[in-house]
Amino acid sequence: MYEFNVLLVDDEREFLETLVKRLLKRKIKVTGANNGEEALKIIRETPPDVVVLDVKMQGMDGIQTLREIKKLKPLVEVIMLTGHANLEVAVEGMEMGAFDYLMKPTGVDELLYKLEDAFKRKKIQEQKIKRLEEEETPERG
Amino acid sequence: MKRQIYANLQRKIIFITLLVSFIPLISLSVIIYYQFTQVFRNKIEEQIEYRARVQSNAIELFLKERTAILLAMADTYTFDYLAEKNKLERIFQIMNHRVGGFIDLGLIDSTGRQIAYVGPYNLISLNYYSQPWFREVESKGVYISDVFLGYRQVPHFIIALQRQENNRRWILRATIDSDVFESLVRAAQVGKTGDAFIINKEGSYQTLLRFGGEILSKSHLDPTLFGEGTTVLEKADKDGKKILYAARWLKKNSWLLVISQDASEEMTKLFKTKRIEIVIVALGCLMIILTTYFTTHLTIRRLETADREVNELNAQLVHSDKLAALGKMAAGVAHEINNPLAVIAEKTGWMEDLLTEEDFQKSQHFAEYKKSLGKIEEHVERARKVIHGMLGFARRMEPHLEDVDINEVLTQTMSFLESYARTNNIVIEKELETDLPIIASDRAQLQQVFLNLLTNAVDAIGKDGNVHLTSRRIDSEIAISVRDNGPGIPKEYQSRVFEPFFTTKQSGKGTGLGLSVTYTLVSSMGGTIDLDSEEGKGTTFTVRLPVVVPEKK
């Protein structure tokens with residue numbers, strides 16, 4: 001099991017709190033954010049590895065938040081949470097670089113698997129970038 | 001009620017059509033008949049007038065000739081010459097030889113005594129001084145008498161003329177042969193009942209009538225009714241029969257030649273024409289009535305059918321409106337329920353997480369708690385399925401158009417179900433038209449539609465049976481049919497199967513959304529779906545999709 005940071009964004013406070021508690025119990029470092037703005041603030045200060053983002057939120061909605069996240073930290077993986085199999089939003093999210101999407105209500109185990117997958121991808125991406133940087137450095141030097 | 005309206009409409013149309021056809025037809029035929037009668041009548045009157053004129057001329061000529069020959073004899077010979085019986089007889093013979101029509105000839109002196117006489121009667125030495133005609137001859141010189149009896153007591157008329165010879169006056173007198181004269185008059189008779197006769201100023205008959213009527217008896221005609229020239233008039237006789245008369249004065253307005261004709265006899269031809277006309281008009285009316293009835297009947301039936309079709313269309317529109325409204329409502333409800341449901345799911349999960357801790361496991365109700373939480377999760381999952389179905393139904397996405405090969409989509413969709421069908425001993429047969437056009441449509445939505453229909457068919461059969469899948473092109477549409485030999489859908493349910501949440505499956509086994517989603521998807525692609533089902537035989541769902549040719553890229 002890798003150690004990684006998760007940010008959970010949902011405007012349904014009860015849902016958010018419970019899911020945070022459940023993930024904490026599973027030894028995941030997780031923070032909750034109630035809306036898009038709060039989430040962006042946290043990402044700027046302490047960037048997480050994976051963000052779980054509700055599509056339908058009051059104020060700044062999921063897609064907007066996703067766009068901002070990808071601007072700030074392109075390597076942060078995002079899992080979309082949708083109320084139903086909304087293909088349009090899902091496709092739009094994926095096009096903008098979301099890792100995957102899950103339908104609400106979702107089982108915690110399913111969420112865990114997705115989180116791990118997302119984190120693995122992030123690791124791979126980071127390693128790739130690292131390698132590229134290493135290859136470039138000696139040439140310059 | 002509806003029938004009543006159509007029946008009233010039909011009656012009105014028939015009434016108006018008949019009115020506007022009959023009024024001109026009948027008035028036209030009446031006017032034509034009236035005009036024709038007038039013309040015919042004028043013609044008859046002209047004819048009878050012409051006959052009267054010609055015949056009166058003939059009679060005048062007859063009298064003029066006789067008068068002329070008598071005048072010639074009187075001018076040629078002297079009293080003494082004529083007084084000799086054999087000479088007078090010879091002259092009488094010449095006169096009859098030349099012009100004819102004389103019965104006798106007599107020479108009378110100024111005292112009125114008949115000096116010489118040739119003829120069948122014994123009239124010699126009789127004195128005519130007191131006879132009315134004698135005075136007339138003395139005053140006028142030449143005189144043609146009316147018919148009178150005279151000494152011979154036989155109706156006759158005479159031509160007499162007076163001559164002056166050396167202070168001596170004498171009179172030459174001839175009697176006209178009644179037979180010859182009457183046959184001349186009678187020449188103007190026509191038809192079976194027509195007559196021609198002469199009456200004098202007092203109205204007494206001067207010639208015999210065709211059917212009875214004594215000479216010198218009084219006629220029922222009033223001579224003063226007839227004026228100058230030729231007069232035509234119609235008068236009823238004593239039996240009330242209408243008789244047409246044409247009359248003309250002759251012999252210096254002392255005789256009236258009358259030609260009579262039975263008006264009805266002449267009109268017989270006209271009555272025949274009238275009968276023919278009535279028959280034609282009646283047939284025409286009959287034809288109009290029949291044609292009007294049948295065409296109106298046909299029109300009304302057409303109207304009825306058109307109305308019914310419009311009503312059916314309206315009912316369909318109302319139905320799809322209803323479905324759309326239900327869809328919107330379902331979407332709203334689903335969204336509102338989904339969030340609390342998610343919270344319930346998470347809370348349940350959290351409780352389960354807590355149950356893994358030791359102190360809980362020691363509790364005597366641990367098993368009960370765990371079971372209850374499991375049940376809650378199970379039912380949350382059930383509710384979730386319903387809500388996702390509802391949201392799918394409510395989804396109003398614009399179809400994403402791509403090039404779609406219907407047969408390929410069908411084959412692929414079928415493969416999802418093949419293993420399930422095989423284990424339940426259900427055979428899926430396909431009969432796909434090979435050269436279907438590639439159409440522009442939404443592949444994912446089509447797949448969902450076919451999957452729903454095939455799943456329904458397989459579910460309907462349960463075990464042991466077959467599903468028949470066909471695709472074919474019909475004009476500008478592609479028709480895809482899914483036929484199963486399951487139990488069929490009862491008639492009372494057939495109109496409701498496309499409504500959301502309508503299901504005949506056991507509670508918990510189906511959401512009742514499959515067919516309504518299918519309906520919505522097919523409608524959004526511009527297609528139609530209908531079903532044909534018979535209880536005990538099976539059900540066929542047919543989807544018709546418009547052939548939309550993909551744009552060339």
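## Sheets, helices and a chain contact

Biologist: Which residue in E4(B) stands opposite Tyr143(B)?

Modeller: Heads-up first: this is a predicted model, where local features need pLDDT of at least 70, side-chain atom pairs count only at pLDDT 80 or more, and totals for chains, interfaces and linings use all residues. Residues are numbered from 1 along each chain as its sequence is written, while chains are lettered from A and ligands numbered from 1 in the order in which they are written. The helices (H or I, at least four residues) and strands (E, at least two) are DSSP runs numbered from the N terminus. With that in place, the residue of E4(B) opposite Tyr143(B) is Ala160(B).

Biologist: Over how many bridges do E3(B) and E4(B) pair?

Modeller: Two strands pair if DSSP finds at least two bridges between them. E4(B) covers residues 158-165 and runs antiparallel to E3(B). Their bridge count is three.

Biologist: Which are the edge strands of the five-stranded sheet?

Modeller: This open, antiparallel sheet of chain B has the order E2-E1-E5-E4-E3. An edge strand here pairs on one side only, and that goes for residues 114-118 and residues 142-144 of chain B. So far as names go, these are E2(B) and E3(B).

Biologist: At about what angle to E4(B) does H4(B) pack on the sheet?

Modeller: Contact means C-beta atoms, placed from the backbone, within 7 Å. Angles run from 0 to 180 degrees between N-to-C directions, with axes fitted to C-alpha atoms (for helices, over the stretch in contact). H1(B) lies across E3, E4 and E5 of chain B at about 25° to E4(B). H4(B), residues 132-140, touches those strands, E3, E4 and E5, and its angle with E4(B) is about 50°.

Biologist: What does the twist average from one strand to the next in the four-stranded sheet?

Modeller: That sheet is open and antiparallel, with the order E6-E9-E8-E7 in chain B. E6(B) and E7(B) sit at its edges. From strand to strand, the twist averages 25°.

Biologist: Which helix packs on E6, E7, E8 and E9 of chain B?

Modeller: Within this sheet, E8(B) and E9(B) pair antiparallel over eight bridges, and Ala246(B) has Ile259(B) as its bridge partner. The helix touching E6, E7, E8 and E9 spans residues 2-76 and makes about 35° with E8(B). Its name is H1(B).

Biologist: How far apart are the end C-alpha atoms of H10(B)?

Modeller: The expected span of a helix is 1.5 Å times one less than its number of residues. H10(B) has 19 residues, so it should span 27 Å. The model agrees, as the end C-alpha atoms are separated by 27 Å.

Biologist: Is the crossing of H9(B) and H10(B) left-handed or right-handed?

Modeller: The two helices pack at about 35° with axes 9 Å apart. Their contact has twelve nonpolar, three polar and one charged residue (Ala, Val, Leu, Ile, Met, Phe, Trp, Tyr, Cys and Pro are nonpolar; Asp, Glu, Lys and Arg charged; the others, Gly among them, polar). A crossing is left-handed if the near helix is turned anticlockwise from the far one by less than a right angle, and right-handed if clockwise. For H9(B) and H10(B) it is right-handed.

Biologist: How many charged residues does the contact of H10(B) with H12(B) have?

Modeller: These axes come within 9 Å and cross at roughly 145°, and the crossing is left-handed. The contact includes Gln445(B) and Asn452(B) of H10(B), with Leu521(B) and Val522(B) among those from H12(B). It has six nonpolar and seven polar residues, and the charged count is no residues.

Biologist: Which residue in the turn between E15(B) and E16(B) has a positive phi?

Modeller: E15(B) and E16(B) pair in the antiparallel sense over seven bridges, with Ser533(B) opposite Thr539(B). Three residues lie between the strands of this hairpin. The phi of about 90° belongs to Gly536(B).

Biologist: Which helix gives the largest share of the side of chain A that touches chain B?

Modeller: Here 15 residues of chain A are in contact with 18 of chain B. The largest share, seven residues, comes from residues 13-25 of chain A, that is, helix H1(A).

Biologist: What percentage of the residues of chain A count as buried?

Modeller: Buried means 20 or more other C-beta atoms within 10 Å of a residue's own, exposed means 12 or fewer, and partly exposed is in between, with C-beta atoms placed from the backbone. In chain B, buried residues make up 26% of 553. Chain A has 141 residues, and its buried share is 39%.

Note on methods:
Two residues are in contact if their C-beta atoms, placed from the backbone, lie within 7 Å.
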